[in-house]
Amino acid sequence: MRKLVFLLFFAVLAVALGGCRRAPDEVRIRQSIEAARTAAADADAGALTGVLSEDFDGNGGAMSAKDLGNLLRLAKFRGESVHAVLGPIEVEPRGDRYVARFTVTLGSGGKLFPAELGMFKVETGWRREGREWRCFTASWEQQL
């Protein structure tokens, strides 16, 4: 009986530990991109900057993590809503980093931002910081 309980305990432990495995890096990066989209829609600056590195570089120095956070804080203060629809996300390993490409169509409530912002082609760079993946660079260009 004791042997059966011992085997049952280790079987349950093996199943429990198997369920604790982390999602693959590509999945975690996709989840972070979706979290950034949700943060923009909710005008939640903290959630957006949470997926960015402290030294984030947007469009070759045009936007920092602080700039993006402040833009969302202003949007929230003014009662602005931001709508973002993501296209398919392509994630590609580059050594110990990743590149993710996607399109995003942006719109707004028309207060702070124009009602129709347009569609953008986005390329992001991701690196591991501790146990998390952070976006350290992004470039975007409007598609006509």
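**View 1. The buried residues of helix α2 are Arg28, Ile29, Ser32, Ile33, Ala36, Ala39 and Ala40.** They cover an arc of only 145 degrees around the axis, which puts them on the same side of α2. The arc is taken from the directions that run from the helix axis to the C-beta atoms. Buried here means under 20% relative accessible area, exposed means over 50%, and partly exposed is what lies in between (1.4 Å probe, protein chains only). As a reminder, an α-helix has 3.6 residues a turn, so residues three or four places apart point the same way. The length of α2 fits too: at 1.5 Å a residue its 17 residues should span 24 Å, and the end C-alpha atoms are 24 Å apart, which agrees. The expected span is 1.5 Å times one less than the number of residues in the helix.

This is a predicted model, in which local features need pLDDT of at least 70 and side-chain atom pairs count only at pLDDT 80 or more, while totals for chains, interfaces and linings use all residues. Residues are numbered from 1 along each chain as its sequence is written, and side-chain values use heavy atoms, with hydrogens and water left out.

**View 2. The whole chain comes to four helices and six strands.** Starting at the N terminus, the elements run α-α-α-β-α-β-β-β-β-β. Helices (H or I, at least four residues) and strands (E, at least two) are DSSP runs, numbered from the N terminus. Of the 144 residues, 31% are buried. Among contacts with a separation of 6 or more, 51% join residues 24 or more positions apart; a contact means heavy atoms within 4.5 Å. The accessible surface is about 9200 Å², and 59% of that belongs to carbon and sulfur atoms. Such areas come from the Shrake-Rupley method with a 1.4 Å probe, and for residues only the protein chains shown count as cover.

View 3. Over the chain, mean pLDDT is 84, and 80% of residues reach 70 or more. pLDDT is the predictor's confidence in each residue, from 0 to 100.

**View 4. Ala43 follows α2 and has a positive phi, near 50 degrees.** Most residues other than glycine have a negative phi. Ala43 sits in the loop between α2 (25-41) and α3, and is buried, with a relative accessible area of 6%. Look next at Ala47, in helix α3 (residues 45-49). Ala47 is partly exposed at 33% relative accessible area, and its C-alpha atom is 10.0 Å from that of Ser32, 15 residues apart along the chain.

**View 5. Asn59 lies in the loop between β1 (52-58) and α4 (65-77).** Its phi is near 55 degrees, a positive value in a residue other than glycine. At 29% relative accessibility, Asn59 counts as partly exposed.

**View 6. Helix α4 has Ala65, Leu68, Gly69, Leu72 and Ala75 as its buried residues.** They cover an arc of only 120 degrees around the axis, which puts them on the same side of α4. Lys66 and Phe77 are exposed on the other side. The cover over the buried residues includes α2, α3 and β1. At 1.5 Å a residue, the 13 residues of α4 should span 18 Å, and the end C-alpha atoms are 18 Å apart, which agrees. After α4 comes Gly79, with a positive phi near 75 degrees.
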